[in-house]
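Subject: Structure for you to look at

Hello,

Here is the structure I said I would pass on. Please open it beside this email and follow along as you read.

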Amino acid sequence: MTEPLLSVENLRTYFHGAAAVAKSVDGVSFVVNAGETVGIVGESGCGKSVTALSILRLIQPPGRIESGSRILFEGKDLVSLDDAGMRHVRGNRISMIFQEPMSALNPVFTVGDQVAEVARVHGTGSRKDAWNRAVEMLTLTGIPSPGERAKQYPHQLSGGMRQRVLIAMALMMNPALVIADEPTTALDVTIQAQILELLLDLQKRLGTSILMITHDLGVVAETATRVLVMYGGEIVEEASVRTLFDAAHHPYTEGLMNAMPQISDSRERLNVIPGTVPPPTAWPTGCRFRDRCPYSWERCEREHPPLYQISEGHTSRCHLAVEPERRAHPHLPLVEQTGAIL
Amino acid sequence: MNADTPFVIAGYARRGRRWLGRDRSARFAVILLAVISVVCFLAPLTAPHDPNFQPDIVKLRNAPPSVEYPMGNDQASRDVLSRLLYGGRLSLTVALLATLVSVTVGTAYGAAAGYATGFVSTILERILDALLAIPRLLLLIVIFAARRDMPIGGFILILGVTGWYALARLVRGQVLALKAQDFVASAKALGATRMRILTRHILPNVVSPVIVAAMLGLGHVIVLEAGLSWLGIGVRSPDASWGNMIQDGSASLDQMATSWWIAFFPGIAIVLTVVAFNVLGDALLKALSPRQSGIE
């Protein structure tokens with residue numbers, strides 16, 4: 001087996017507040033292989049964005065990557081890398097596509113300038129070279145008349161076009177890994193499809209790996225080969241896209257699947273997972289999903305489930321793996337029961 | 001300054017022309033300031049007489065406006081028009097240089113205070129709070145009254161270094177808001193150094209409010225210089241400044257009534273210049289707000 005491109009081992013990112021410690025990412029491990037697209041899925045507050053930011057060490061105080069965490073990338077541990085080394089990685093070997101293309105662009109510079117800036121930060125070639133390469137990248141991302149567009153300011157471009165600019169910036173130095181943090185959330189649906197297609201196309205051409213952070217299972221289905229489902233700062237299920245959609249094991253993943261609206265649906269209301277993610281300052285003991293789970297039993301309260309191996313390449317953090325018969329007897333989740341009393 | 005500055009400036013120039021075509025009060029202010037600056041800075045060419053020459057201390061003492069001396073003569077028989085032009089050159093120079101000093105120091109300090117984190121930021125903030133609590137005019141009066149032989153360079157420098165606190169606070173606020181923006185996180189994710197993020201990504205966004213503040217500051221320094229010179233502790237005779245010309249012409253109520261032209265013309269010059277700077281500052285404030293420049 002070849003060495004993975006990125007290997008995150010027991011990543012823990014805690015935010016040390018005055019009153020409590022928020023364990024936003026609490027022991028996450030996964031790998032990304034060269035040329036692969038890995039999706040990280042979960043709802044708001046599950047720790048997926050903090051995981052992404054941790055890889056580039058963009059966590060602001062009071063946030064901190066705890067000792068014992070390791071992020072191995074191209075033979076270096078990014079957690080202990082010095083600032084200069086980290087700057088060399090950022091934008092050059094690993095780059096990031098942000099969610100909100102308008103605010104991720106500087107309003108006072110032309111977009112061509114901003115794409116060229118990436119090359120100039122990493123000190124390759126002259127100003128003119130950087131500009132020409134920027135226009136080239138904008139061409140590659142399918143922006144019509146890139147020469148003229150490059151001289152325009154962000155507010156003169158549409159949302160989809162701005163996202164293409166961000167993609168051009170991310171791919172400028174031909175990085176080994178692109179982290180896309182909800183790259184299509186701020187765009188309308190037709191543009192979303194175009195942007196995803198563009199990302200995949202460029203990935204094929206350039207051989208880049210992509211870490212796709214999203215709350216949208218549809219995006220994952222379209223782009224990723226492997227999926228990590230996050231909940232409560234942990235990975236609760238990992239599987240190939242195929243396996244995940246055909247045979248999701250964890251009740252949380254099941255819930256996410258059921259919550260996806262379907263064209264054939266005749267039901268009038270959308271399915272939801274009851275309740276919300278508990279605050280990261282106070283994860284429940286045992287299984288973190290148990291209050292919202294329709295199968296939970298006393299073992300879930302007593303014992304924090306490990307990642308059980310379900311099949312080759314498929315793991316799940318649920319005791320159902322060892323007591324599968326309990327799946328036959330769903331009950332009202334705990335949050336619903338107390339809700340009824342209230 | 002960086003290699004992209006010409007681009008930014010070219011953009012400003014293009015927008016500037018369009019804006020002057022649209023905004024009538026801004027056009028008025030710009031033309032007025034241009035005329036005042038040209039005639040004053042070219043004083044050796046535009047002034048009809050030597051500003052310190054006393055042609056006839058007996059016959060021309062406090063002489064009213066005439067063909068030869070269109071703004072009259074002062075109590076030493078010197079030509080008021082020539083003194084007005086030379087005085088304007090000095091007053092404007094003092095205002096420009098002092099503002100340049102305060103804009104530079106204020107922007108640098110504000111940027112540092114806004115961009116620094118933790119302990120350093122707290123210290124810089126407290127120092128700023130303390131400086132803002134000092135009444136500027138009283139401080140200036142004390143300094144210049146104590147050092148009556150202050151050379152003009154020192155005068156400018158002290159006006160400058162006592163005038164940047166409000167600007168520093170403005171810049172600090174802007175930088176604080178800007179550093180939380182996504183494009184700053186994005187620049188960091190692309191591998192930019194902290195210094196580069198501050199100078200290249202944050203400060204260009206602060207240029208507009210700083211320009212506006214500088215315009216208002218210019219008007220303020222002109223008034224301040226005039227006030228100090230009038231008190232006799234600013235620019236000293238025989239060098240003419242608008243402030244000490246007013247002092248020359250307002251020694252007594254009687255003199256103001258009989259020889260009004262000595263103080264009247266520099267007074268008008270100050271009012272016109274300050275109004276023009278303020279109008280320009282307000283117009284720029286409107287024109288440079290992001291909403292405005294967004295509509296093109």
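A:His319 touches A:Arg299, A:Cys300 and A:Pro305, leaving aside residues up to four places away in sequence. Touching here means being in contact: the C-beta atoms of two residues, placed from the backbone, lie within 7 Å. This is a predicted model, in which local features need pLDDT of at least 70 and side-chain atom pairs count only at pLDDT 80 or more, while totals for chains, interfaces and linings use all residues. Residues are numbered from 1 along each chain as its sequence is written, and chains are lettered from A and ligands numbered from 1 in the order in which they are written.

A:His319 sits in the loop between β13 (314-316) and α12 (334-341) of chain A. Helices (H or I, at least four residues) and strands (E, at least two) are DSSP runs, numbered from the N terminus. Is A:His319 buried or exposed? A:His319 counts as buried because it has 23 C-beta neighbours inside 10 Å. The cut-offs are 20 or more other C-beta atoms within 10 Å for buried, 12 or fewer for exposed, and anything in between for partly exposed, with C-beta atoms placed from the backbone. A:Asn33 is 286 residues from A:His319 along the chain, and the C-alpha atoms of the two are separated by 29 Å.

Next, chain A as a whole. Its secondary structure comes to 12 helices and 13 strands. The C-alpha trace of chain A spans about 65 × 50 × 45 Å along its principal axes. Of the 342 residues of chain A, 46% count as buried. Among contacts in chain A with a separation of 6 or more, 65% are between residues 24 or more positions apart.

The largest nonpolar core has 160 residues, and A:Val115, A:Ile179 and A:Leu211 have the most contacts inside it. Helix α4 (residues 80-115) of chain B gives the most to this core, with 15 residues. A nonpolar core is a set of buried Ala, Val, Leu, Ile, Met, Phe, Trp, Tyr and Cys residues joined through C-beta atoms within 7 Å. In soluble globular proteins, nonpolar side chains tend to be buried together.

The contact takes 24 residues from chain A and 19 residues from chain B. On the side of chain B that touches chain A, the largest share, six residues, comes from α9(B).

Last, some backbone details. Most residues other than glycine have a negative phi, and most peptide bonds are trans. The peptide bond from A:Pro61 to A:Pro62 is cis, with omega near 10°, and A:Pro62 lies in the loop between α1 (48-55) and β4 (63-65) of chain A. A:Asn10, in strand β1 (residues 6-16) of chain A, is not a glycine but has a positive phi of about 50°. A:Asn10 is exposed, with 12 other C-beta atoms within 10 Å.

Regards
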